[in-house]
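Dear colleague,

I am handing over the structure below, and my notes follow it. Please read them with the model open beside you.

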Amino acid sequence: MKEIGFPRRTGATIATIAAIATACALLAASPALAQQGKLKVGLMLPYTGTYAALGNAITNGFKLAIAENGGKLGGRDIEYFTVDDESDPAKAPENINKLIKRDNVDVVVGTVHSGVALAMAKVARDTKALLVIPNAGADEITGPLCSENVFRTSFSNSQMGIAMGKVMADQKKKTAVTITWKYAAGEESTGGFKESFEAGGGKVVKELFLPFPQVEFQPLLTEIAALKPDVVYAFFAGGGAVKFVKDYAAAGLNKTIPLVGPGFLTDGTLEAQGDAAQGMLTTLHYTDDLDNPKNKAFKAAFEKAYKAEPDVYAMQGYDAAQLLIVGANAVKGDLTKRAELIKAMEGAKVDSPRGTLSFTKSHNPIHDIYLRKVDGKQNKYVSVAVKQLTDPPRGCKL
Amino acid sequence: MDIHSFLIQLLNGLQYGLLLFLVASGLTLIFGIMGIINLAHGSFYMIGAYMAFSLSALTGSLLTAIVVGIVLSVALGVVLEWALFSHLYKRDHLEQVLLTYGLILVFEELRSLIVGNDVHGVAVPAIFNWSIPLTATLSYPVYRLFMSAVCIVLAVLLYLLISKTRIGMMIRAGASNREMVASLGLNINLVYRLVFALGVALAAFAGMLAAPVSSVYPGMGTSVLIICFVVVVIGGIGSVWGALVASLLIGLADTFGKVLLPEAAGVTVYLLMAAILLWRPEGLFRRV
């Protein structure tokens, strides 16, 4: 080495610089390659914080459907761009803009938290980016804020309330009390219950609220005991759902006044709720033991791929991919043919693990809502609460 | 509201207030007496609740879990004081805020790594797992009454410790003039280490005791943090009786706020705090 005249270190430095330069050149060339070849999918989901498990379940479900489709969308290979949205609405516009403007993704999939999803829907509406929402249930997204390039494969908050209100009215319950945190998701859910329960001849005698995320329920339980309604409809989630169900039972109210709610009251929380939740009725667009061939195949494939049981969130992620597959196939992978793509997605009849899934004019799911009963550590299927529930557009102009 | 409902709501308010006192009592020591702004107080509460969950699953008994948990939390308090907090007594409040805020993040992440992000329940011990019927539809869980009793006992013990014992005298002396106490030949560093450990243990004990009724979930520490500071500030910095009275006032205000003014339920507690601070800027029972 010495005869060449370069000290060893310089030689190494030059080699490094050359390597870096080559890498840079390759990087610079890659977007051009990608545009012809790979289809870019942006996943904007919570991968840290309270909702991390939901974000991962959705991602796994999504990737499972893609894998079953040969790893492709509309015949094109896929490149994933992932952003952790941290369930923080304040960072949402910046995060989704990163995917749309910097990474140039062809479609964005996200997210769990309704506040974040609302911000994403606004950006998608302005930039015309294709957005598929695999969880967030805020009614507004497919209501006044709807736009032709935004689809939802999960549910809207009021749907579960509408279904349960109808079931309770059919059971000839006369009076009801609703209770929830004072925030959008809760008010939409209990609002849906009130709407259909009163349409069916019942009367909501009182709507109780407490500030989010307080969990001191005792004063409100005392009020429920004094009001003595025929049924109580509650919307809480996570730790609040566990505590409410346990407090309700500890106060002895469950002996005389049945407690019902959307599926989220008893989904993923039964372990912690234990005996307190036994026999509770809830409504949701999915149950684990749903008896159809697609659900059995989905559960088997998911368990094989991830060594874990799928939940409702994994199912929603799976359907987000299924809907995109329908759209991408119709335009042979060229997602720039927007009018054809949206037409195909609007007309899609997705064979979902939940049953048939299609879409309203405002791109909200039309699906069966099931009545489920808590039995042991499981939410068991009871019956179809409402067949192919189609909620009103609520201010969407599509 | 008839007289029945009123009495039950009164019970609800007092019972919630006593629980608040239990959670805030540790902060009364650390913030009120030692003068350290400890934002990680909620994390100690959270650690307690998670210890109740894991240890009771391990040992099969909540009581054993609480005993082991108290030993562990005292040890945690001693280590934290020795490694981190002992360097902060002479620094300004901003640095205390930064350190303790950092601790919140560290503890939350550790919790997520060790136990995960699921919601867990802790079973109520069998002897307390029954209810007293109050009306035809409503009954009162005995475990809640048991918690209230524990809180009252603890309040009395804490008061006696601070006001009537020699160690309490040293604590109070150290709080008003550290250097003087040290120059009188007392080992003030050791006293502070013990007080800090006691504060941590109280918060963890509150978490363990409350775990069966509150359940165990991520972020549970931050939910009690603010209300603890409100208790200490209303009660008057450093006063155990003040903290007790403040807790009861807040419990009642919150309960009746939820029932009578549901639209303003989120602010009743803070309105109470504002009113009391306007009337007595030093809090209800500030020592002079």
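In chain B, 74% of the contacts with a separation of 6 or more are between residues 24 or more positions apart, where two residues are in contact if their C-beta atoms, placed from the backbone, lie within 7 Å. This is a predicted model, in which local features need pLDDT of at least 70 and side-chain atom pairs count only at pLDDT 80 or more, while totals for chains, interfaces and linings use all residues. Residues are numbered from 1 along each chain as its sequence is written, and chains are lettered from A and ligands numbered from 1 in the order in which they are written.

Chain B has 11 helices and 2 strands, these being DSSP runs numbered from the N terminus (helices H or I, at least four residues; strands E, at least two), and along the sequence they follow the pattern α-α-α-α-β-β-α-α-α-α-α-α-α. The radius of gyration of chain B, 19 Å, is close to the 19 Å that the globule rule gives for 288 residues, so the chain is as compact as a globular protein of that length; the radius is taken over C-alpha atoms, and the rule is 2.2 Å times the number of residues to the power 0.38. Of the 288 residues in chain B, 45% are buried (20 or more other C-beta atoms within 10 Å of the residue's own, all placed from the backbone).

Turning to the interface, 33 residues of chain A are in contact with 30 residues of chain B. On the side of chain A that touches chain B, H7(A) gives the most, with 7 residues.

Best wishes

Conventions. Buried ≥ 20, exposed ≤ 12 C-beta atoms within 10 Å, placed from the backbone.
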